[in-house]
Amino acid sequence: MKPELVALGESLIQFNALSRGPLRHVTLYERHIAGAETTVAVTARRQGISSGIITRVGDDEFGKAILAWLRGEEVDVSQVRIDPDAPTGIYFVQRGFPIPSKSRMFYYRSGSAGSRLSPSDIDPEYIGSAKVFHVTGITPALSESAREATYKAVDAAYRDEVTISFDTNIRPVLWRSEERAARVLKPIIEKTDILFTDPADSRILLGETELEAILRGFLSMGVGTVVVKMGEKGAVAATSSERASADSIPVYVEDPIGAGDAFAGTFITSQLKGRKLKESLERAIIAGTLVVTVRGDEEAIPSESDIDANIHI
Ligand code: KDG
């Protein structure tokens, strides 16, 4: 059976510092499975939507760990290629320094299996039979071949009228320049149905940081639903005829990495289930909030009933 949600992007191993502060003093790390699109696929599955990931891992122990985790989460791995010529990508997370409530990522992924994603990894039929295709601005930043793979996948989804979900997720260290990021990402945004973004990325893409201008800018590019994440200020979702907003939930932040993906995955799942914009946004915020309370991107992703438990408190 073909999955309802298909995601494309590098699955990664995350080493999360067990203690807060600069990594030069950290000696113990915890190993997690991560990768923005992988986390969205896991989120959908936990919430009852079948999902699959298109990625590459190395023929190594970390690749085996990723596959075992994804199988355990019942994410379809039929489109995961094991690349014998490159290692599985890894990164380290520094927590609470230099900004106490934030984390920093240090990538060791250049030349990784995931960065070698190429158009040959894309089966248009697999994508064409999904309800939603999800990708982020990370995948086309990985390499020329990964960019071509992203364009091929987006075109396949567009041709077959599959809902295209795109999280701008601009990681400056992966791009040669902001201009290049904007140039590569704009053709994807023009085909996007559900767009996730924030003021920092909107500055690069539109030259705008103010909410009204961001919404106007992306809606005028043809995006169906624009979702703007504003951290402690909550989130707003808008279509050309409707608008909803939801507040953030203040909690102790252990590690914010991955929250945006649980948020996106939950918003998509809620929309697929026919929920209104406002409820989809509120559920997405609950999911993102739970993820920041623990280390690791995927462990605390809630099921539907976990979210329900938070709705009435
Ligand atoms: O969104 C969280 C991701 O950034 C993290 O899991 C690593 O996919 C990742 C990336 O490429 O930054």
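Predicted model: local features only at pLDDT ≥ 70, side-chain atom pairs only at ≥ 80, totals over all residues.
**Notebook: aromatic rings, cores and a covered helix**

Residues are numbered from 1 along each chain as its sequence is written, and side-chain values use heavy atoms, with hydrogens and water left out.

**Rings around Phe196**

I looked up the aromatic pairs and found that the structure holds 7. Rings of Phe, Tyr and Trp (its six-membered ring) pair if their centres lie within 6.5 Å; planes under 30 degrees apart are stacked, over 60 edge-to-face, the rest tilted. Phe196 and Phe263 make an edge-to-face pair, with 6.3 Å between centres and 85 degrees between planes. Phe196 sits in strand 10 (residues 194-197) and Phe263 in helix 8 (residues 259-272), so this pair ties together parts 67 residues apart in sequence. For the record, helices (H or I, at least four residues) and strands (E, at least two) are DSSP runs, numbered from the N terminus.

Phe196 also pairs edge-to-face with Phe267, at 5.7 Å centre to centre and 90 degrees between the planes. Phe267 lies in helix 8 too, so the pair links strand 10 to a part 71 residues away in sequence. I checked accessibility: Phe196 comes out at 0%, and Phe267 is buried at 0% as well.

Elsewhere I noted one aromatic cluster, formed by Phe15, Tyr29, Phe62, Phe92 and Tyr108.

**Strand 10**

Which residues of strand 10 are buried on each side? I find Ile194 and Phe196 on one side, Leu195 and Thr197 on the other, so both faces are covered by the buried definition. Strand 10 pairs with strand 9 (residues 163-167) in the parallel sense over 3 bridges (pairing takes at least two DSSP bridges). Opposite Leu195 stands Phe166.

**Cores**

The largest nonpolar core has 46 residues, and those with the most contacts inside it are Leu5, Phe196, Val227, Phe263, Phe267 and Leu281. Such a core is a set of buried Ala, Val, Leu, Ile, Met, Phe, Trp, Tyr and Cys residues joined through side-chain atoms within 4.5 Å. Helix 9 (residues 277-292) gives the most to this core, 7 residues. Another core, of 43 residues, lies apart from it, with Phe133 and Ala141 among them.

I then took Leu281 and listed its contacts (heavy atoms within 4.5 Å). Beyond residues up to four places away in sequence, Leu281 touches several, including Val227, Ala244, Phe263 and Phe267.

**Helix 1**

How many of the 11 residues of helix 1 (residues 36-46) are buried? I get 9, so helix 1 is largely enclosed by the rest of the structure. Among the elements covering its buried residues are strand 1 (5-8), strand 4 (51-58), helix 2 (61-72) and helix 8. After helix 1 comes Gly48, with a positive phi near 90 degrees.

Glu304 is in helix 10 (residues 304-311) and is buried, at 16% relative accessible area. The side chains of Glu304 and Lys273 are joined by a polar contact of 3.1 Å (N or O atoms within 3.5 Å; within protein, one must be able to donate a hydrogen and the other to accept it, and residues adjacent in sequence count only if both atoms are side-chain atoms). Leaving aside neighbours within four places in sequence, Glu304 also contacts residues including Arg46, Arg275 and Arg283.

Last, I looked at charges over rings (NZ of Lys or CZ of Arg within 6 Å of the ring centre and within 35 degrees of the ring normal). The charged end of Arg109 sits over the Tyr107 ring, 4.4 Å from its centre, and Lys191 lies over the face of Tyr158 at 5.6 Å from the ring centre.

Terms used:
Buried < 20%, exposed > 50% of the residue type's maximum accessible area, 1.4 Å probe, protein only.
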